[in-house]
Amino acid sequence: MARSVKHWKRQDVAGCETCRLSRTDQGWRLDGVTIDEDGGAPRGFRYIVCLDAAWRPKSARVTGWSDENDFDLTLDRHPTGWAVNGTVDPALQDATDIDLGFTPATNLCAIRRLDLAIGDSGESQAVWLNDNTWQVAPLRQSYRRRSATRYDYRSQTGYETTLTADENGWIVTYPGLWQAHGGHAP
């Protein structure tokens, strides 16, 4: 899989997303665009997540707007943790993954990094961009692989669901939030 593309449609509000995964000399790169609504107001975001060959995030950039507010966020892995817009945040020092709350695309990274066998579970601490508050915080998450395509997902917020993924780890169904359509893996 040198390059693949996935498209999703929002299930809870009007909106859609397109994301491309590309192989790079250093590992992988997710590059996506999402357009949807927040409380009835339109918003749009572009994101880039760079990962090493073992699917560990090295950096992320999110830019966009919501109603009348502009948004620009950079996340960079440092030896002592993660820097948020250039400032190292000690609360994020144990984070291994990135979870951008407005997209199902970043679940791919944890699923590929954990590489779980059917019946196995794995935990992750993520740098989480909460798309309700637009704040960055640590988030403990767990995945349990139920079948070739189904994962039980839980987070420390109490949220839990069963995700359906394709053979490459892309989320196909995120119940009540996202449904994949189209896309390709050349």
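Me: Why is Thr161 called buried?
Reply: Thr161 has a relative accessibility of 14%. Buried means under 20% relative accessible area, exposed over 50%, and partly exposed in between (1.4 Å probe, protein chains only). So Thr161 counts as buried. This is a predicted model: local features need pLDDT of at least 70, side-chain atom pairs count only at pLDDT 80 or more, and totals for chains, interfaces and linings use all residues. Residues are numbered from 1 along each chain as its sequence is written, and side-chain values use heavy atoms, without hydrogens and water.

Me: What is Thr161 in contact with, leaving aside its neighbours within four places in sequence?
Reply: Contact means heavy atoms within 4.5 Å. Thr161 is in contact with Tyr151, Asp152, Tyr153, Tyr174 and Pro175.

Me: How do you know how many disulfides the whole structure has?
Reply: A disulfide is a pair of cysteine sulfur atoms within 2.5 Å. The search of the whole structure finds zero. Take Cys109: its nearest cysteine sulfur, in Cys19, is 8.4 Å away, and Cys109 is in no disulfide.

Me: What makes up the lining of the largest pocket, by residue kind?
Reply: Ala, Val, Leu, Ile, Met, Phe, Trp, Tyr, Cys and Pro count as nonpolar, Asp, Glu, Lys and Arg as charged, and the others, Gly among them, as polar. The lining divides into ten nonpolar, seven polar and four charged residues.
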